[in-house]
2 protein chains.
Amino acid sequence: MEDDNSIFVGEKPFMNYVTGVVIQFTTKDAKEVIVRARGKFISRAVDVVEVVRNRFLKDQVEVKDISISSEEFQNKEGKDVRVSTIDIVLGKV
Amino acid sequence: MEDDNSIFVGEKPFMNYVTGVVIQFTTKDAKEVIVRARGKFISRAVDVVEVVRNRFLKDQVEVKDISISSEEFQNKEGKDVRVSTIDIVLGKV
């Protein structure tokens with residue numbers, strides 16, 4: 001599930017994601033933006049949200065909801081693998 | 001804020017934390033356990049919760065609340081540093 005209002009955090013430079021969220025709220029006038037990540041990038045997604053919320057859009061956006069889940073899949077060797085995911089919903093105050 | 005029902009996830013072996021949460025709910029009969037972490041260990045805290053919830057205490061515990069925040073402090077060089085934190089509240093179903 002990927003849509004215009006989702007920012008999927010991975011290994012690109014940190015500020016790419018921060019800017020991506022800010023642009024959604026400003027230029028694109030989004031009411032909500034979902035910051036999403038899997039595995040080790042979950043920590044980074046939380047950092048992105050905290051920097052947006054405390055610095056770039058201070059007093060303008062807030063965390064509306066946070067959910068965590070697991071995705072299960074088979075890796076190249078056919079072994080079952082589980083990875084954690086996070087969805088953080090940011091909304092205008 | 002550290003109390004008996006908090007498990008602070010860091011760099012010890014992964015299963016230590018999983019076992020810690022399970023013991024709180026079983027041997028110590030806790031109603032709620034808070035899994036907490038800072039910085040890069042946030043991803044790991046989510047993994048701990050997902051493994052407890054989906055495997056060891058499946059259908060017995062659920063995520064009641066998740067909150068994220070930031071801690072600010074000065075490092076050894078006197079520079080202001082920010083670190084993200086997460087608190088995940090697990091409760092009996």
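**Reading the two chains**

Analyst: Chain B is superposed on chain A by a rotation of 180 degrees with 0.0 Å of shift along its axis, with an RMSD of 0.0 Å; such copies are superposed by least squares on the C-alpha atoms of residues with pLDDT of at least 70 in both. That is the relation of a two-fold axis. This is a predicted model, in which local features need pLDDT of at least 70, side-chain atom pairs count only at pLDDT 80 or more, and totals for chains, interfaces and linings use all residues. Residues are numbered from 1 along each chain as its sequence is written, chains are lettered from A and ligands numbered from 1 in the order in which they are written, and side-chain values use heavy atoms, leaving out hydrogens and water.

User: Which residue of chain B comes closest to the rotation axis?

Analyst: Two copies of a chain are related by a rotation about an axis and a shift along it. In chain B, Ser43(B) comes closest to that axis, with its C-alpha at 2.6 Å. Because 100% of the interface residues of chain B are also interface residues in chain A, the copies meet through the same surface.

User: How many helices and strands does chain A have?

Analyst: Helices (H or I, at least four residues) and strands (E, at least two) are DSSP runs, numbered from the N terminus. Chain A has two helices and four strands, in the sequence pattern β-α-β-α-β-β. Its C-alpha trace spans about 45 × 25 × 20 Å along the principal axes.

User: How do H2(A) and H2(B) cross?

Analyst: Axes are lines fitted to C-alpha atoms, for helices over the stretch in contact, and angles run from 0 to 180 degrees between N-to-C directions. The axes of H2(A) (residues 42–56) and H2(B) come within 6 Å and cross at roughly 120 degrees. That makes H2(A) oblique to H2(B) (angles under 35 degrees count as roughly parallel, over 145 as roughly antiparallel, 65 to 115 as roughly perpendicular and the rest as oblique).

User: Which residues meet where H2(A) meets H2(B)?

Analyst: Ile42(A), Ser43(A) and Val46(A) meet Ile42(B), Ser43(B) and Val46(B), where contact means heavy atoms within 4.5 Å.

User: At what angle do H1(B) and H2(B) cross?

Analyst: The axes of H1(B) (residues 14–25) and H2(B) (residues 42–56) come within 10 Å and cross at roughly 55 degrees. H1(B) and H2(B) are therefore oblique to each other. Among the residues that meet are Phe14(B) and Val18(B) in H1(B), and Val48(B) and Phe56(B) in H2(B). The residues of this contact divide into ten nonpolar, no polar and two charged.

User: Is Thr85(B) buried or exposed?

Analyst: Buried means under 20% relative accessible area, exposed over 50%, and partly exposed in between (1.4 Å probe, protein chains only). Thr85(B), in strand E4 (residues 80–92) of chain B, is buried, with a relative accessible area of 10%. Leaving aside neighbours within four places in sequence, its contacts include Val46(A), Ala37(B) and Ile42(B).

User: What does Asn5(A) touch?

Analyst: Asn5(A) lies in the segment before strand E1 (6–8) of chain A and counts as partly exposed at 30% relative accessibility. Not counting residues up to four places away in sequence, Asn5(A) touches Gln24(A), Ala30(A), Glu32(A), Val33(A) and Ile34(A).

Technical notes. Ala, Val, Leu, Ile, Met, Phe, Trp, Tyr, Cys and Pro count as nonpolar, Asp, Glu, Lys and Arg as charged, and the others, Gly among them, as polar.
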